[in-house]
Amino acid sequence: MDLKLHIWRQKGPADKGRLVTYELPEVSSHMSFLEMLDVLNERLVEKGEEPVAFDHDCREGICGSCGFMINGVAHGDQKGSTVCQLHMRHFSDGDEITIEPWRSKAFPIVKDLVVDRSAFDRILTAGGFVTVRTGSAPDANAIPIPTETVEHAMDFAECIGCGACVASCPNSAAMLFVGAKIAHLGLLPQGQPEREQRALAMVEAMEREAFGACTNFRSCEAVCPKEISISGIARMNKDFRKALLSGVGFSSGKKR
Ligand code: SF4
Ligand code: FES
């Protein structure tokens with residue numbers, strides 16, 4: 001198939017950036033979306049032009065590195081899929097495709113389609129862990145946990161930190177991401193000792209970044225490649241409220 005691509009090109013954070021149009025003939029429907037971009041880049045390099053920068057690693061939908069807007073939808077409009085799992089068979093000959101980076105003040109553009117998502121890392125550093133001494137790997141049945149609880153926690157643990165939720169939210173809220181991390185640990189027995197402190201620390205870290213507040217658009221849930229439920233946000237709010245009422249200290253050491 002022959003495609004017309006409109007791709008956001010931006011040399012660096014200080015550059016204004018603009019959409020550049022590329023004609024890309026003879027694209028195989030068997031290619032993944034990223035392979036299609038690889039082909040474009042090979043052709044650009046052959047012509048002595050700068051290839052398009054985009055993030056990727058596993059190309060199997062598990063690492064969370066890839067991600068950009070395709071025709072205005074985070075990861076494209078194939079439900080429950082990352083960009084690396086999207087295939088060209090979902091497009092047609094003659095299609096025009098607009099490809100842009102995540103748009104959020106909290107995710108500044110590094111180059112072309114690459115954004116800086118270190119705001120997520122700072123939130124995780126604030127509380128996305130357990131400090132319980134786990135020692136060496138315990139027997140699988142050493143801490144009995146009901147299967148339903150494990151599966152519920154796993155539904156939230158599937159978050160790959162891609163940032164599509166932030167990019168598609170009109171407020172640039174990071175609540176689906178933070179709610180997923182808090183719910184994942186808060187559902188398991190190992191996550192109980194620091195449950196309230198964790199919610200406070202991670203919400204505090206989220207507030208320090210340039211993310212907006214949730215106003216229940218639910219566009220995060222609609223585009224999430226791992227189909228994380230907004231019920232994680234409800235769990236986060238519950239833990240946060242409980243922590244405030246019980247006077248658990250913030251990571252800064254202050255009490256509220
Ligand atoms: S909640 Fe979904 S969209 Fe948001 S970072 Fe996690 S996997 Fe990506
Ligand atoms: S490259 Fe790892 S999830 Fe897409």
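In the predicted model, Phe 120 is buried, with a relative accessible area of 3%. This value falls under the 20% that marks a buried residue. Phe 120 is found in helix α2, which comprises residues 118-127. Leaving aside neighbours within four places in sequence, the contacts of Phe 120 are Phe 107, Gly 161, Gly 163, Val 166, Ala 174, Phe 177 and Phe 211. Phe 120 and Ala 205 are separated by 85 residues in sequence, yet their C-alpha atoms are 9.2 Å apart in space.

Phe 177, one of the contacts of Phe 120, is also among the buried residues of helix α5. Of the 12 residues of α5, 11 are buried, so this helix is largely enclosed by the rest of the structure. The buried set consists of Met 175, Leu 176, Phe 177, Val 178, Gly 179, Ala 180, Lys 181, Ile 182, Ala 183, Leu 185 and Gly 186. Their cover includes α2, α3 (147-157), α4, α6, α7 (219-223) and α8. The end C-alpha atoms of α5 are 15 Å apart, in agreement with the 16 Å that its 12 residues should span at 1.5 Å a residue.

Helix α1 spans residues 33-46. Its 14 residues reach 20 Å from the first C-alpha to the last, close to the 20 Å expected at 1.5 Å a residue. Within α1, the buried residues are Phe 33, Leu 34, Met 36, Leu 37, Val 39, Leu 40, Asn 41 and Leu 44. Strands β1 (3-9), β2 (18-24), β3 (69-70) and β5 (96-100) are included in what covers them. Gly 48 follows α1 and has a positive phi, near 80 degrees.

The largest pocket contains about 260 Å³ of space. Its lining is formed by Arg 9, Gln 10, Lys 11, Asp 15, Arg 18, Val 20, Tyr 22, Glu 49, Glu 50, Lys 111 and Asp 112. Strand β2 supplies the largest share of this lining, 3 residues. The lining divides into 8 charged, 2 nonpolar and 1 polar residues.

The second largest pocket holds about 150 Å³ of space. Met 175, Val 203, Met 206, Glu 207, Glu 209, Phe 211, Gly 212, Ala 213, Met 236, Asn 237 and Phe 240 line this pocket. Two or more lining residues come from each of α6 (195-208) and α8 (231-246). The class composition of this second lining is 7 nonpolar, 2 polar and 2 charged residues.

Overall, the protein contains 8 helices and 7 strands. Its C-alpha trace spans about 60 × 40 × 35 Å along the principal axes. Of the 256 residues, 47% are buried. Among contacts between residues at least 6 apart in sequence, 69% join residues at least 24 apart.

Notes: Residues are numbered from 1 along each chain as its sequence is written. Chains are lettered from A and ligands numbered from 1 in the order in which they are written. This is a predicted model: local features need pLDDT of at least 70, side-chain atom pairs count only at pLDDT 80 or more; totals for chains, interfaces and linings use all residues. Side-chain values use heavy atoms; hydrogens and water are left out. Helices (H or I, at least four residues) and strands (E, at least two) are DSSP runs, numbered from the N terminus. The expected span of a helix is 1.5 Å times one less than its number of residues. Buried means under 20% relative accessible area, exposed over 50%, partly exposed in between (1.4 Å probe, protein chains only). Contact means heavy atoms within 4.5 Å. On a 1 Å grid over the protein atoms alone, a cavity is a set of points where a 1.4 Å probe fits but cannot get out, and a pocket is an open set with protein on both sides within 12 Å along at least five of seven lines; lining residues have an atom within 4 Å of a point. Grid points are joined across faces, edges and corners, and a volume is the space filled by probe spheres set on the points. Ala, Val, Leu, Ile, Met, Phe, Trp, Tyr, Cys and Pro count as nonpolar, Asp, Glu, Lys and Arg as charged, and the others, Gly among them, as polar.
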